[in-house]
Amino acid sequence: MMSIKIIIIGKIKEKVYQKRILEYKKWIKLDIQTEIIILKDSNTKKLDQKLSSYIKSEGHKICVSEEGSKLSSKQFSKFIFDINQDLTFFIGGPRGHSEIVRTGANSILSLSNMTLPHEMALLVLTEQIFRAISIQKGSKYHRE
């Protein structure tokens, strides 16, 4: 059974984002075990050590960056279910991604051509993961 981890650098300060993200996480967990891990952006060396342990873990690592592949919702759904492994997504902080993540990831995925605040990127990613599951299940959430 696939599981999903989302590693994000920096707190989710906006309550509006927090509430929606938790709602999507709750819905996703009905089908796929999901964990959101928030890492502090303060000490670069400590942060790199933590990121390194996630990069070295089993499964498929996905760096979320505007420089990555652009997929439609249907393509994203196919992508994550075709991989059929545990997934770890990395969302960078204000300074972007550490070299460890950029070089250690198996894939780079773009949510937009534009740079998004990490909180907004997490909201978009959780919604798209939920949508991907809905597409896979054939539910009415995703309309053609």
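Predicted model: local features only at pLDDT ≥ 70, side-chain atom pairs only at ≥ 80, totals over all residues.
Trainee: Let's start with helix α5. How do you know that its length fits its number of residues?

Mentor: Helix α5 has 20 residues, and at 1.5 Å a residue these should span 28 Å. The end C-alpha atoms of α5 are 29 Å apart, so the two values agree.

Trainee: And what makes α5 mostly covered?

Mentor: The count of buried residues does: 15 of the 20 residues in α5 are buried. Just after the helix comes Gly-138, with a positive phi of about 75°.

Trainee: Arg-131 lies in that helix. Why is Arg-131 called buried?

Mentor: Its relative accessible area is 18%. Buried means under 20%, so Arg-131 counts as buried. Setting aside neighbours within four places in sequence, Arg-131 is in contact with Ser-73, Tyr-141 and His-142.

Trainee: Ile-6 brings me to the largest nonpolar core. What makes Ile-6 stand out among its members?

Mentor: That core has 28 residues, and Ile-6, Phe-89 and Ile-129 touch the most other members. At least two residues of this core come from each of β1, α1, β3, α3, β4 and α5. Helix α5 gives the largest share, eight residues.

Trainee: Which residues does Phe-89 touch, leaving aside neighbours within four places in sequence?

Mentor: Phe-89 is in contact with Ile-4, Lys-5, Ile-6, Ile-7, Ile-62, Val-64, Phe-76, Ile-80, Leu-109, Leu-125 and Ile-129. There is also a second, separate core of 12 residues, with Leu-39, Leu-51, Ile-55 and Phe-90 among them.

Trainee: Ile-55 sits in helix α2. How do you know that Ile-55 is buried?

Mentor: Its relative accessibility is 13%. The limit for buried is under 20%, so Ile-55 counts as buried. Not counting residues up to four places away in sequence, Ile-55 touches Lys-61, Phe-90, Ile-100, Val-101, Gly-104 and Ala-105.

Trainee: How far apart are Ile-55 and Gly-104 in sequence and in space?

Mentor: They are 49 residues apart in sequence and 6.0 Å apart in space, from C-alpha to C-alpha.

Trainee: Now for a loop. What makes the phi of Asn-84 worth a look?

Mentor: Asn-84 has a positive phi of about 50° although it is not a glycine. Most residues other than glycine have a negative phi. You will find Asn-84 in the loop between α3 and β4.

Trainee: Why is Asn-84 called exposed?

Mentor: Its relative accessibility is 60%. Exposed means over 50%, so Asn-84 counts as exposed.

Trainee: On to the pockets. How much space lies in the largest pocket, and which residues are nearest its centre?

Mentor: The largest pocket holds about 340 Å³ of space. Its lining has 22 residues, and Val-64, Ser-65, Glu-66, His-97 and Thr-115 lie nearest the centre. At least two lining residues come from each of β3, β5 and α5, and β3 gives the largest share, four residues.

Trainee: How do the lining residues of the largest pocket divide by type?

Mentor: Nine are nonpolar, nine are polar and four are charged.

Trainee: What about the second largest pocket: how much space lies in it, and how many residues line it?

Mentor: About 180 Å³ of space lies in the second largest pocket, and 16 residues line it. Nearest its centre are Asp-41, Leu-47, Gly-96, His-97 and Ser-98. Strands β1 and β4 and helix α2 each supply at least two residues of this lining. The largest share, four residues, comes from α2. By type, the lining of the second largest pocket divides into seven nonpolar, six polar and three charged residues.

Methods:
Residues numbered from 1 in each chain as written. Heavy atoms only, no water. 1 Å grid on protein atoms, 1.4 Å probe; cavity = no way out; pocket = protein on both sides within 12 Å on 5 of 7 lines; lining within 4 Å. Points joined across faces, edges and corners; volume = space filled by probe spheres on them. Nonpolar A, V, L, I, M, F, W, Y, C, P; charged D, E, K, R; others polar. Core = buried A, V, L, I, M, F, W, Y, C linked by side-chain atoms within 4.5 Å. Buried < 20%, exposed > 50% of the residue type's maximum accessible area, 1.4 Å probe, protein only. Contact = heavy atoms within 4.5 Å. Expected span 1.5 Å × (residues − 1).
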